[in-house]
Amino acid sequence: MSRPQPLLSFEVDTSGQDTSLKHDNFDSEVQRSWYHYIPLCLLLFLMVAPYPSLLIVLVNHYLLTLDKPISFVIHFLITFTLEFLAFASLIVCVARDPGPVDFNTSEPESIHEREDIGLAEALMTTGNTDDDFSPDKFCRKCWVPKPERAHHCSICGRCVLKMDHHCPWLGAKCIGYRTYPAFVHFLTCITAFSAYITAISISAVRWSFNNPLLVPDQATPVHELLLAAAGVIFTLIVGSFLIYHIYLITTNQTTVEALSPFLLLRYIPPLPVSMKLSDPPMEEELSYNQRRAVRDAHRFVRMYDIGWRRNWAQVFGWSKPRGWIYLLLIGGIGNGDGRSFPRNPRSEEMLSQLATRLQKEA
C-alpha cells in the first residue's frame, strides 16, 4: 500500500544528519539517580521488618505455649508463601519494561519498510488515520508513534503502553500494560499477608490477656500488639488501593483515564470549524460550561468497558474457564499487543451527545 502524498512539498537539508525514526530508541528513559531507589529500599525493609516479631509470636505462642505444631506449620507456610508471591510480583514490576512504544516486532517486513521514514515525511503524512505515522498519533514530547491508551510520563521521559500511573515505590518506574497484572497481584498478596498477620496476632493478643499467667515472657505480647497494629494499618492502606484497582479493572479504566476527564476530547467527533477549536480540542480552549459538560460526561462514558468478565480477562490474559484463579496466584499479562483495544459499543453514541452539548455550550 503506497504512502499518502504530503500536502506540501519542500526540501529538507539532511546532509550529515540522520532524520530517520529509529525504533530502537523509542524506549529511552531518563537516567535515574541513586535517590530514586530510596522508596524501593524502604518498601523492601517494610516487607521484611515483620518477620522477627512474626517468628517470635509463632514459636512462643503457637508452638511452645499452645503446643500446636500443626497450627504453627500452617501459619508459617501461609505467611511465607504470600510474602514469596509478593516478592515475585515486585521483581516483575521492577525488572520488566512496563510497555515499550515501538513498532510491532512480530512484523519484520513492516519494520524494515518503515525504518527509513524521515521525520519531515512522517509529519507531513495525512489521510490514513490508521497509520501509526499520522501526525495526531505522534507524541509531541518524545516524537514516537503513540498507540491507543498510551501516555507520556514526564518523569520517565517516555511513552508507556496503557500507562496506569508512575510509582516511585517501585524504583521510580511506570505501571503499564506489561506490569499492571503483576502490580495488582502485588497489592493482593500484601493485603492478604497483612490481613492474615492481623488475624493471628489479634488472636494471640486476646489469649494473652485472658491467660496472663501462662504467657512465657513479657516480650511476646508486645510483639503481638505491634504486629496487630502494623497489620491493621497496612491492610487498610494497601487494601484501599487494591479495592480501587478492582474497580478500575471491572470498568476497564486506568488510573490516568479515571482521573483525567479531558482525555475524552481525543475521541469526540470533529466539531464545527466555526467553534475555532483544535482537533481534538484542548482543555484550555473550552469555556467553563464546556469543561463542566466534559466532567459530567466522564462519569458515564466508559470507552473500553466491554463487560466485567471480559474486562478482567483482558487485563489478566486468561482464555479458559476459571483461568483467573491460576493467574491471580502468579500474576499474568494482558491479552493483545497493548496497542489497540475493543471499545464499548455505546461509547460512540455518548461521545456524539457530548459533542452536541459542547456546541450548545459554545
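User: How much space lies in the second largest pocket?

Analyst: This is a predicted model, and in it about 830 Å³ of space lies in the second largest pocket. The lining of that pocket is formed by 31 residues, and those nearest the centre are L43, I190, F234, I237 and V238.

User: Which helix supplies the largest share of the lining of the second largest pocket?

Analyst: Helix 7 does, with 10 residues. At least two lining residues each come from helix 1 (38-48), helix 2 (50-65), strand 3 (165-167), helix 6 (180-210) and helix 7 (219-251). Sorted by class, the lining holds 22 nonpolar, 7 polar and 2 charged residues.

User: What makes helix 7 and helix 10 roughly perpendicular to each other?

Analyst: Helix 10 spans residues 308-316, and the two helices pack at an angle of about 110 degrees with their axes 7 Å apart. Angles of 65 to 115 degrees count as roughly perpendicular, and helix 7 and helix 10 are therefore given that label. On the side of helix 7 the contact is made by I246, I249, T250 and T251, and on the side of helix 10 by W308, N311, W312, V315 and F316. By class, these contact residues are 6 nonpolar, 3 polar and no charged.

User: Why does N252 count as buried?

Analyst: The relative accessibility of N252 is 2%, and buried means under 20%, so N252 counts as buried. This residue is found in the loop between helix 7 and helix 8, and its phi is positive, about 55 degrees, although N252 is not a glycine. As background, a negative phi is what most residues other than glycine have.

User: How do you know that K162 is buried?

Analyst: The reasoning rests on the cut-off of under 20% for buried residues: K162 has 10% relative accessibility, and therefore counts as buried. K162 lies in the loop between strand 2 (158-160) and strand 3, and its phi, near 45 degrees, is a positive value in a residue other than glycine.

User: What is the peptide bond from D279 to P280, cis or trans?

Analyst: That bond is cis, as its omega is near 0 degrees. P280 belongs to the loop between helix 8 (255-259) and helix 9 (288-298). For context, most peptide bonds are trans.

Definitions and conventions:
Residues numbered from 1 in each chain as written. Predicted model: local features only at pLDDT ≥ 70, side-chain atom pairs only at ≥ 80, totals over all residues. Heavy atoms only, no water. 1 Å grid on protein atoms, 1.4 Å probe; cavity = no way out; pocket = protein on both sides within 12 Å on 5 of 7 lines; lining within 4 Å. Points joined across faces, edges and corners; volume = space filled by probe spheres on them. Helix = DSSP H or I, 4+ residues; strand = E, 2+ residues; numbered from the N terminus. Nonpolar A, V, L, I, M, F, W, Y, C, P; charged D, E, K, R; others polar. Buried < 20%, exposed > 50% of the residue type's maximum accessible area, 1.4 Å probe, protein only. Axes fitted to C-alpha atoms, helices over the stretch in contact; angles between N-to-C directions. Parallel < 35°, antiparallel > 145°, perpendicular 65-115°, else oblique. Contact = heavy atoms within 4.5 Å.
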